[in-house]
Every structure is written in structure tokens, then in C-alpha cells.
Amino acid sequence: MSIPPFHQDFLTYYRGLMAEAGGQVPKRSDVRPSDMKTMLPWVVMGERSGPRQMIPTVIGSAIDEVLHASFTGINLFDFLPEEIAVRLDAYYSNITDTPCGGYVERTLASDSGLLKGYQTTLFPLVGAEGKVDRLIGIVSVMKTDPLMDHFGKPRDVQTVAITKEEYIDIGFGVPASV
């Protein structure tokens with residue numbers, strides 16, 4: 001599996017967290033922003049409390065700049081078309097349940113046009129209650145101009161297609177159905 005170099009750097013950071021956790025999925029409290037300063041504008045973190053629940057708790061400033069919308073604190077499934085929601089629900093579940101890493105490329109759209117190559121690599125974290133219900137990852141895009149011509153609302157940005165979906169073995173395998 002091949003992920004972009006910037007994402008590879010984040011994988012190296014995550015593997016360091018795993019090593020510090022004795023080879024287990026690291027805890028959310030193990031994440032130290034000071035250890036990933038150069039990546040912070042592109043870092044995302046989220047909480048997965050059940051099916052069709054993915055609430056970003058941290059979204060890097062560069063991501064908000066490109067999207068021209070902030071998704072922090074909002075359930076992403078409130079804005080997904082059914083076909084995409086089914087696929088992403090399985091994707092997020094696979095990351096937390098296996099546990100493993102995941103990489104997707106998506107095409108996003110707004111009234112201002114298309115953003116192709118919205119790339120996300122995510123890894124599992126253990127939350128405060130001891131369950132693997134948190135995600136941390138990195139985003140990159142193949143476009144430097146904002147997706148919209150004004151700062152809008154999350155409903156203004158739509159996932160049109162998932163063009164690539166792969167899983168990363170972090171020591172516990174990858175989903176059997178892949």
C-alpha cells in the first residue's frame with residue numbers, strides 16, 4: 001500500500017505512539033501536539049460513539065482554510081449522501097474495531113467547484129473510557145485554492161465520491177472483507 005509522503009510521516013509518528021504504549025493502540029491522552037508541530041495544521045481528531053457517528057474534535061487550521069467551512073463538533077454523517085454514509089460508516093468501524101489504519105481519497109464539491117484528491121489517513125486511539133473510539137489522522141489536498149469562494153457552512157461541502165480506500169496493518173491485521 002502506498003500513501004503520500006506527508007501521510008507516511010504521520011504513520012511514523014503514530015507508530016512511535018504505539019511503541020510507547022507497548023505495541024497497543026495508544027490512548028488519546030498520549031498524543032502530544034508538540035511532537036507533531038509541522039503537521040498540526042493538517043491534523044484531525046474525532047470521536048466515534050457508535051454507528052453513523054463521527055464527530056471531529058480537532059480540525060487543523062489548514063483544512064478549514066481549504067474547505068472554507070469548519071466541521072469541528074458536528075456529526076459528519078449529517079452531511080453525507082446515503083451511498084457515501086454506508087461506505088464511510090464501515091470504514092470508520094473497521095479502523096476502530098480491527099484496529100487498523102485507513103486511507104481514503106475523496107472528491108468533494110461545493111457550488112464553487114470540485115476538490116479532487118482530498119486525502120485522509122486515520123488511526124485508532126483509546127478514549128477516556130478505555131474503548132477504541134477515537135481517531136487521529138492527517139489530511140492533504142491536491143488543490144491550494146479554497147473549495148468555496150466564501151467561508152460557508154458544512155452543508156455547503158459534499159462528498160461526491162470515494163475514489164480510493166485502503167487499510168494499514170498496525171499490528172492487528174486488516175479487515176477480512178477487504
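A salt bridge here is a side-chain nitrogen of Lys or Arg within 4 Å of a carboxyl oxygen of Asp or Glu. The views show a predicted model, in which this rule gives a count of 8 salt bridges.

**View 1. A salt bridge joins E165 and R87.** The N to O distance between the two side chains is 2.8 Å. E165 belongs to strand β6 and R87 to helix α3, so the pair ties together parts 78 residues apart in sequence. E165 is partly exposed, at 24% relative accessibility, and R87 is partly exposed as well, at 35%.

**View 2. The side chains of E82 and R52 meet in a salt bridge.** Their N to O distance is 2.9 Å. The pair links distant parts of the chain, with E82 in helix α3 and R52 in the loop between β1 and β2, 30 residues apart. R52 has a relative accessible area of 31% and is partly exposed.

**View 3. D133 and R134 form a salt bridge.** N and O lie 3.5 Å apart. D133 has a relative accessible area of 11% and is buried; R134, at 19%, also counts as buried, because the limit for this class is under 20%.

**View 4. E20, R32 and D35 are linked in a network of salt bridges.**

**View 5. The largest cavity has a volume of about 390 Å³.** The structure holds 1 cavity of 30 Å³ or more. The lining of the largest cavity consists of 26 residues, with P56, L76, Y92, R106 and Y118 nearest the centre. By class, 21 of the lining residues are nonpolar, 4 polar and 1 charged. Elements that each supply at least two lining residues include helix α3 (82–97) and strand β6 (158–168).

Note on methods:
Residues are numbered from 1 along each chain as its sequence is written. This is a predicted model: local features need pLDDT of at least 70, side-chain atom pairs count only at pLDDT 80 or more; totals for chains, interfaces and linings use all residues. Side-chain values use heavy atoms; hydrogens and water are left out. On a 1 Å grid over the protein atoms alone, a cavity is a set of points where a 1.4 Å probe fits but cannot get out, and a pocket is an open set with protein on both sides within 12 Å along at least five of seven lines; lining residues have an atom within 4 Å of a point. Grid points are joined across faces, edges and corners, and a volume is the space filled by probe spheres set on the points. Helices (H or I, at least four residues) and strands (E, at least two) are DSSP runs, numbered from the N terminus. Ala, Val, Leu, Ile, Met, Phe, Trp, Tyr, Cys and Pro count as nonpolar, Asp, Glu, Lys and Arg as charged, and the others, Gly among them, as polar. Buried means under 20% relative accessible area, exposed over 50%, partly exposed in between (1.4 Å probe, protein chains only).
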